[in-house]
Amino acid sequence: MESIKNNQLYQLFKTQFLMTVREPEVLFWGMVFPVLISIGLGLAFTQQTESKFNIVLVEKNQTELDSLLNVYGTDAESKEENIQNWKISDKTLGNTVFKFSQSDWNSAIISLKRGEADVIVTDSLGKAVYHFDPLNSQSQLAYMKLSALVKSPETSINTENTDIEPLTLMGVRYIDFLIPGLIAFGLMSSIMWGVSYTIIERRSQKLLRRMVATPMKKSNFLFALMFVRILMNVVESLILLFFAWLIFDIHIQGNIGALIVLFLAGNLAFTGIAILVASRTTKTEVGTGLINAVQMPMMLLSGIFFSYHNFPEWSIGVIKLLPLTALTDGVRSIFNEGAGWMEMIYPTCMLSALGLICLVIGMKLFKWD
């Protein structure tokens with residue numbers, strides 16, 4: 001036993017272990033924070049005992065709307081109640097809720113592009129016609145569940161009373177939804193790691209202490225980091241956009257000038273957040289935890305890979321306040337909906353204000369060592 005205690009490897013292991021457990025920040029970000037994230041996501045995804053699908057009924061005229069309502073077993077007196085929610089109970093597979101809404105065709109297409117709708121249903125000579133992206137698994141599942149119920153014997157509906165028209169319009173494909181989200185996420189990730197982690201790592205290595213001995217302004221050092229990351233983000237986004245255009249034929253349908261301004265506002269917002277996060281952190285382990293604490297919730301909640309409208313209704317208003325959500329929705333609306341300057345005023349101002357506030361606070365709190 002005494003020989004083990006005197007062993008060099010044992011002593012080094014013991015020293016490193018004690019240094020680690022005596023740092024509460026390291027323990028929190030390495031052990032507690034992942035548990036909190038798993039609990040939050042578990043509550044978000046497992047508390048829902050229902051599968052929810054958003055169906056848009058296109059109201060061309062009252063006769064056609066009445067025909068659609070008849071297909072789904074609704075009547076004129078109760079159509080307002082039934083058109084909103086149609087719940088199908090199933091103890092084995094779980095409940096299914098179809099959330100219906102009425103809209104014109106153009107608004108329905110925009111809802112589909114934003115991920116707010118899964119399937120559009122129109123009426124053609126008394127026949128319900130389903131419109132959706134055939135490559136979108138969520139839309140396919142919504143159609144199969146809905147059409148199966150409509151065609152079931154219990155509904156007494158003619159099985160030949162439905163039809164499918166696949167939507168392959170530019171902007172409604174899943175890849176059209178995904179690419180703007182990847183651009184926004186890449187911007188955030190590049191800045192958080194390229195600015196925050198760079199500052200924290202240099203501080204932990206005592207390199208910032210050497211810099212402060214030179215006649216260098218704090219603002220110049222931070223602005224230099226920001227400008228480098230903006231340049232890198234432009235290059236990375238252009239490369240991604242080029243291959244998206246080359247392989248998937250993706251085009252920017254909206255105002256390119258508004259896209260550039262929004263892109264710069266997003267860079268400003270996340271640069272401010274990154275500098276604030278790294279303003280006083282001295283350990284890379286803590287810095288990694290802080291960066292993940294900023295990135296991970298927004299990566300999952302802000303609609304990068306799937307629509308945030310899949311989350312509970314009460315959370316959507318909060319999700320829309322996240323900076324990555326504002327950036328993603330703005331870029332996506334320019335790409336897929338043809339948005340211009342007017343539509344970008346709110347997200348651009350929101351991101352710019354957030355970035356300036358965080359930048360000012362971060363520079364005030366910033367320390368060299």
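## Basis of the values

The model is predicted, and local features need pLDDT of at least 70, side-chain atom pairs count only at pLDDT 80 or more, and totals for chains, interfaces and linings use all residues. Residues are numbered from 1 along each chain as its sequence is written, and side-chain values use heavy atoms, with hydrogens and water left out.

## Salt bridge

One salt bridge is found in a search of the whole structure; the term denotes a side-chain nitrogen of Lys or Arg within 4 Å of a carboxyl oxygen of Asp or Glu. It joins the side chains of arginine 229 and glutamate 236, with an N to O distance of 3.9 Å.

Arginine 229 counts as buried because its relative accessibility is 17%, whereas glutamate 236, at 36%, counts as partly exposed. Buried means under 20% relative accessible area, exposed over 50%, and partly exposed in between (1.4 Å probe, protein chains only).

## Nonpolar surface patch

Leu231, Val235, Ile239, Phe242, Phe243, Trp245, Leu246, Ile247 and Phe248 make a nonpolar surface patch of about 880 Å². Patches are made of residues with over 30% relative accessible area and no salt bridge; like charges are joined within 9 Å, and nonpolar side chains (Val, Leu, Ile, Met, Phe, Trp, Tyr) within 5 Å. Accessible areas come from the Shrake-Rupley method with a 1.4 Å probe, and for residues only the protein chains shown count as cover.

Helices are DSSP runs (H or I, at least four residues), numbered from the N terminus.

## Largest pocket

The largest pocket holds about 480 Å³ of space. Its lining has 20 residues, of which Arg114, Tyr308, Asp329, Gly330 and Ser333 are the closest to its centre. On a 1 Å grid over the protein atoms alone, a pocket is an open set of points where a 1.4 Å probe fits, with protein on both sides within 12 Å along at least five of seven lines; lining residues have an atom within 4 Å of a point. Grid points are joined across faces, edges and corners, and a volume is the space filled by probe spheres set on the points.

Helix 6 (105–114), helix 14 (323–337) and helix 15 (341–365) each supply at least two lining residues, and helix 14 gives the largest share, seven residues.

## Residue pairs

Phenylalanine 185, in helix 8 (residues 174–204), counts as buried at 18% relative accessibility. Phenylalanine 185 and threonine 325 are 140 residues apart in sequence and 9.8 Å apart in space, C-alpha to C-alpha.
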